[in-house]
There are 2 protein chains.
Amino acid sequence: MSVSADSTLSEAIEHIRQIGHRAETIYYLYVLDQQRHLVGVISMRDLILSPSDELIKNVMYDQIVSVYTDTDQEEVARVIQNYDLLAVPVLTKDKKMRGIVTFDDVMDVLEEEATEDLISFAGVPKSSAEGEELSVFKTAIKRTPWIILLIFMGMLVGGLIGVFEDTLQSVLALSVFIPMIIGTGGNVGTQALAVTVRDINLKAGSKEKIGDTVKKEFGSGLIIGLISGIILFVTLIILQTNFYLSLVVSLAIFLTICFSSVVGAMVPLILNKLNIDPAVASGPFISTIIDAIGLLIYFIIATSLLDYL
Amino acid sequence: MSVSADSTLSEAIEHIRQIGHRAETIYYLYVLDQQRHLVGVISMRDLILSPSDELIKNVMYDQIVSVYTDTDQEEVARVIQNYDLLAVPVLTKDKKMRGIVTFDDVMDVLEEEATEDLISFAGVPKSSAEGEELSVFKTAIKRTPWIILLIFMGMLVGGLIGVFEDTLQSVLALSVFIPMIIGTGGNVGTQALAVTVRDINLKAGSKEKIGDTVKKEFGSGLIIGLISGIILFVTLIILQTNFYLSLVVSLAIFLTICFSSVVGAMVPLILNKLNIDPAVASGPFISTIIDAIGLLIYFIIATSLLDYL
């Protein structure tokens, strides 16, 4: 709903009475000039609370938060949310008013984006997340390439075990700890990833230095790794595992946790710099990379201490 | 802001003019009786668009969407979102009006919950997700027990390898596929989990049968498993891997994918039935359980075909 800047408030209210029934929102009144350029906005609140013979141009705000017809919906949602608006005007490139987006459109977008983030985090391709009406067959087909890609990445990771086959041959007990090493790397990495993605979302706008988050995650990794390593070492000794094997496993857990937390924090930060949504390109992909790092750390330590094992 | 049902609309508008400056929202006017029970609501829109000498009680709605002082904030957010409200009245147990919650409070809650879901999905404890101001040390300490728990679960999973040590001893090449088998189980399970959590969120309210989602995920698992198994088998044969070993690995991938998709779908559905937020109690925990299933499937098949390997 729009009025001219030279009307009085009572004329504006009369205007609302006449056409308000057809308007989507009456909570803001937009003030346009002759060429339909947006020059001001007045809230229903101010309209009601000001003297009725006042001119619109004297009570309107001319600092207007607006979006453009080609702004993407997630960005529009963020604008409405950050400014706590009921609606935001949509302008064409030449600043003419084209329409509005209201807060209730935005709540749906936010919910949708949140679900999408969760889905992406698990590595389900976007198209399948949106295609609620897809048949089981089509959904499965969309998910299959992703799973197959990860299977082949898993084979490459497993290939590392093949490289260290001699080491494994002489100490078969090393194999018992493989699931734990790669699982822990994945868990710590995904935690660091989630914390970093949250930080990026929360601090959207405020450009905190990449270094700070990575430094913080490295600190966390150091502490978590140290405590975990010590507890694991003590447990293995109590379970009467070979002293050097206990040492190798604990050391590997410590280093894997340190590395994984840094990698898990760095990847989303880099993706964000490259303007790729970090929640999308993450999840199992990063876990698999970190699996490889963990396995490599484990077998390098084991091989170098092989004489004692 | 509240008025009595027997005022006229123009009296109500006058009332708003007087105290509106202090009110948080003027978009709804709540109508209370003598005992401050909420009896009706009138929107600013109707207030402006109706004849000014009409009595409030003739234009107010008496079907009021409301929440209680002890309703949890996520539920309040959902009410406001589902009904596209600007504000919702908060009542005490005896239906007296206590205050309102507005849509802008809710957008923050929705964003917060979404972030929390993502964080929980990665297995970061809730308290650390909220404690943005926590030091690196305190954050690390909060995450450590979770990691240690998963380390010990990983040791138990690894124990399965120990059980099948004879099998592994005779065919060391089996160890190369361990990361792939457990990785794939985890990936498929997490996908099924994410899809199911989304379905639960989208269909909150509409009680779809548990059986349906599980059946759909089993169908997907069957298709994904079949395609992945065949592609893997062909690849291994091309790479000149032993025929029976290729068969064991491919069969294990097929069965692991089928099992994992069903488990990944069932766990959140069961948690939801028990009124536990499925996004919270999920992530790495379920991956670890599925790791064990995958490893068990793999070594049972390998052991039973050991004579041919």
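**View 1. Interface of chain B and chain A.** In this predicted model, about 8,800 Å² is buried between chain B and chain A, 71% of it from carbon and sulfur atoms (buried area: accessible area, 1.4 Å probe, that two parts lose on being put together, summed over both). B:Arg45, B:Leu118 and B:Arg143 supply 8% of the area that chain B buries against chain A, more than any other three residues. In contact (heavy atoms within 4.5 Å) are 98 residues of chain B and 98 residues of chain A. Local features need pLDDT of at least 70 and side-chain atom pairs pLDDT 80 or more, while totals for chains, interfaces and linings use all residues. Residues are numbered from 1 along each chain as its sequence is written, and side-chain values use heavy atoms, without hydrogens and water.

**View 2. Salt bridges across the interface.** Two salt bridges (side-chain nitrogen of Lys or Arg within 4 Å of a carboxyl oxygen of Asp or Glu) are found between chain B and chain A. In one, A:Arg143 pairs with B:Glu217, with closest N and O atoms 2.9 Å apart. A:Glu217 and B:Arg143 also form a salt bridge, at 3.0 Å from N to O. A:Glu217 is buried at 4% relative accessibility, and B:Arg143 is buried at 1% (buried: under 20% relative accessible area; exposed: over 50%; partly exposed: in between; 1.4 Å probe, protein chains only).

**View 3. Salt bridge of A:Asp6 and A:Lys57.** The side chains of A:Asp6 and A:Lys57 meet at 2.8 Å, N to O. A:Lys57 is partly exposed, at 42% relative accessible area.

**View 4. Salt bridge of B:Lys93 and B:Asp70.** The closest N and O atoms of B:Lys93 and B:Asp70 are 3.0 Å apart. B:Lys93 is exposed at 67% relative accessibility, and B:Asp70 is exposed at 54%.

How values were computed
Chains are lettered from A and ligands numbered from 1 in the order in which they are written.
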